[in-house]
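Me: Hi! Could you walk me through the charged pairs in this one?

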Amino acid sequence: PAPFRLVVEPGNKDVVKGETVRLTVRVEGAQQKQILLSTKPEGQLEYGNRKLDAGVDGMFGYEFASLKSSTRYFVSSADIKSDEFMLRVIDRPIVKALRLQLSFPLYAKLTSRQLDDNAGDVTALKGTRISFAIESSKALSSASLVFKDKTELALSIAGIRATGIISHLNDRTYHILLRDQDGITNAEPIEYTLKVIVDAYPTAAIELPGRNIDIAENSSLNML
């Protein structure tokens, strides 16, 4: 039998892009002062090697910092080698496209308007209906609008698309929360602003004659 065995954690693991993974190696049997870590990121043809020294507890450790690509790895010492493992990097979902359609209150007699692509801020009359159409980089399990007061509006989803409608009634901010089919959410979503334009009471101004004048009884005066 082999004089020792290398026990590796975490072994195979799915990792969200940008996360850091802590590797630990425990030696069962004859203790080792040094081991070799061999790694091969995706796209690299050959393994790169790094020597790891044992800690005071006899354990070996290493951090794969801010992983950007899937990486194969194994450890070895003398003629003993661990299994080969894979850290599989998974992308977070992102908002690829955001389209907002504004349908104004009937009394305003304004035609509906679509905002420029990826414009999420809205300033509009109170009562305007805002239609959201969102396209994600990945198939979704859920999507919602999250408002500053922590309330959420669940959106309808179909593959990579999410849609929904809100009534524009008060000033507030919101962001878009996406969750893919692995349960991974988008990171650092943009915070957008919704502002209400309060419709003012109608006003009138008399432009002519535009000054105080005296007129004779039963006389008429043109006013504009």
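Me: Before we start, what kind of model is it, and how are residues numbered?
Reply: This is a predicted model, where local features need pLDDT of at least 70, side-chain atom pairs count only at pLDDT 80 or more, and totals for chains, interfaces and linings use all residues. Residues are numbered from 1 along each chain as its sequence is written, and side-chain values use heavy atoms, with hydrogens and water left out.

Me: Thanks! How many salt bridges are there?
Reply: The count is seven, taking a salt bridge as a side-chain nitrogen of Lys or Arg within 4 Å of a carboxyl oxygen of Asp or Glu.

Me: Which residue does D14 pair with?
Reply: D14 pairs with R88, at 2.9 Å from N to O. D14 sits in strand β2 (residues 13-16) and R88 in strand β9 (residues 85-90), so the bridge ties together parts 74 residues apart in sequence. Strands here are DSSP runs of E, at least two residues, numbered from the N terminus.

Me: New topic: which residues are networked with R26?
Reply: R5 and E28 join R26 in a network of salt bridges. The closest N and O atoms of R26 and E28 are 3.0 Å apart.

Key:
Helix = DSSP H or I, 4+ residues; strand = E, 2+ residues; numbered from the N terminus.
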